[in-house]
Amino acid sequence: MVLISVLKTPARESEFQWLGLVHVARASFIRLTAREQLYIDSPEQARQYRVGTIRGYGAASYLKKQGFVENENLFLATNPEQLWSMLYSQRIDLVLSNLETDRYEIASIGLDPDKVTAIHNVEALNLQLQMATGLSTPEDTVESIRKALHQLKEGGDYERIMQKWGLL
């Protein structure tokens, strides 16, 4: 069994055989494109706004550690549809999330993903997504997959795939 994208964390290091980096998920503060006057260049500046994310996600913990207070400047949604609806209806000013993948989520709930833009990347929340397999996968299989992933990257196919899906 091969898992296409697994979040690589120190706690998971020994649970899988890691095959290679697939993507870096970049978390950003996101605003409505029409709200051009809303600009930040740090989480501290974001505290003056109503910021939303999903309850239980790492972004929620991060914001609390940065001094955000729930129901004052931090609003936690129970699901992505609720989160994006809050932003589009301007009940919140910013969302802390990954816009690269969330564009598909936004479109799936009937909203226009071109109406939002990322304005500040939060490096502390950028996470490596890796291809991984179970510990019982034979070493020759592991090496074959690692080599194939490397060849995809070296030959330019990987980049073309990522560009097609808007991830580069």
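**Exercise 1. A pair of rings**

Phenylalanine 16 and tryptophan 18 are both buried, where buried means under 20% relative accessible area, exposed over 50%, and partly exposed in between (1.4 Å probe, protein chains only). The model is predicted: local features need pLDDT of at least 70, side-chain atom pairs count only at pLDDT 80 or more, and totals for chains, interfaces and linings use all residues. Residues are numbered from 1 along each chain as its sequence is written, and side-chain values use heavy atoms, with hydrogens and water left out.

Task: Find how many aromatic pairs there are, and classify the arrangement of phenylalanine 16 and tryptophan 18.

Solution. 
- Step 1: Take the rule. Rings of Phe, Tyr and Trp (its six-membered ring) pair if their centres lie within 6.5 Å; planes under 30 degrees apart count as stacked, over 60 as edge-to-face and the rest as tilted.
- Step 2: Count. The rule gives 1 aromatic pair.
- Step 3: Classify. The ring centres of phenylalanine 16 and tryptophan 18 are 5.4 Å apart and the planes stand at 65 degrees, so the pair is edge-to-face.

**Exercise 2. A charge and a ring**

Task: State which ring the charged end of lysine 153 sits over.

Solution. 
- Step 1: Take the criterion. NZ of Lys or CZ of Arg must be within 6 Å of the ring centre and within 35 degrees of the ring normal.
- Step 2: Apply it. The ring is that of tyrosine 158, and the charged end of lysine 153 is 5.2 Å from its centre.

**Exercise 3. The order of elements**

Solution. 
- Step 1: Define the elements. Helices (H or I, at least four residues) and strands (E, at least two) are DSSP runs, numbered from the N terminus.

**Exercise 4. Two packed helices**

Task: Describe how helix α3 (residues 80–88) packs with helix α4 (residues 99–108).

Solution. 
- Step 1: Two packed helices are described by the angle between their axes and the distance between the axes.
- Step 2: Give the values. The angle between α3 and α4 is about 85 degrees, and their axes are 10 Å apart. Axes are lines fitted to C-alpha atoms, for helices over the stretch in contact, and angles run from 0 to 180 degrees between N-to-C directions.
- Step 3: Name the arrangement. α3 and α4 are therefore roughly perpendicular to each other (angles of 65 to 115 degrees; under 35 is roughly parallel, over 145 roughly antiparallel, the rest oblique).
- Step 4: List the residues. Pro80, Trp84 and Tyr88 of α3 meet Asp102, Glu105 and Ile106 of α4, contact being heavy atoms within 4.5 Å.
- Step 5: Sort the residues. The contact of α3 with α4 has 4 nonpolar, no polar and 2 charged residues. Ala, Val, Leu, Ile, Met, Phe, Trp, Tyr, Cys and Pro count as nonpolar, Asp, Glu, Lys and Arg as charged, and the others, Gly among them, as polar.

**Exercise 5. Loop residues**

Task: Locate asparagine 71 and glutamine 90, and give the phi of asparagine 71 and of glutamine 90.

Solution. 
- Step 1: Asparagine 71 is in the loop between α2 and β5 (74–77). Its phi is near 70 degrees, a positive value in a residue other than glycine. Asparagine 71 is exposed, at 59% relative accessible area.
- Step 2: Glutamine 90 is in the loop between α3 and β6 (94–97). Its phi, near 65 degrees, is a positive value in a residue other than glycine. Glutamine 90 is partly exposed, with a relative accessible area of 42%.
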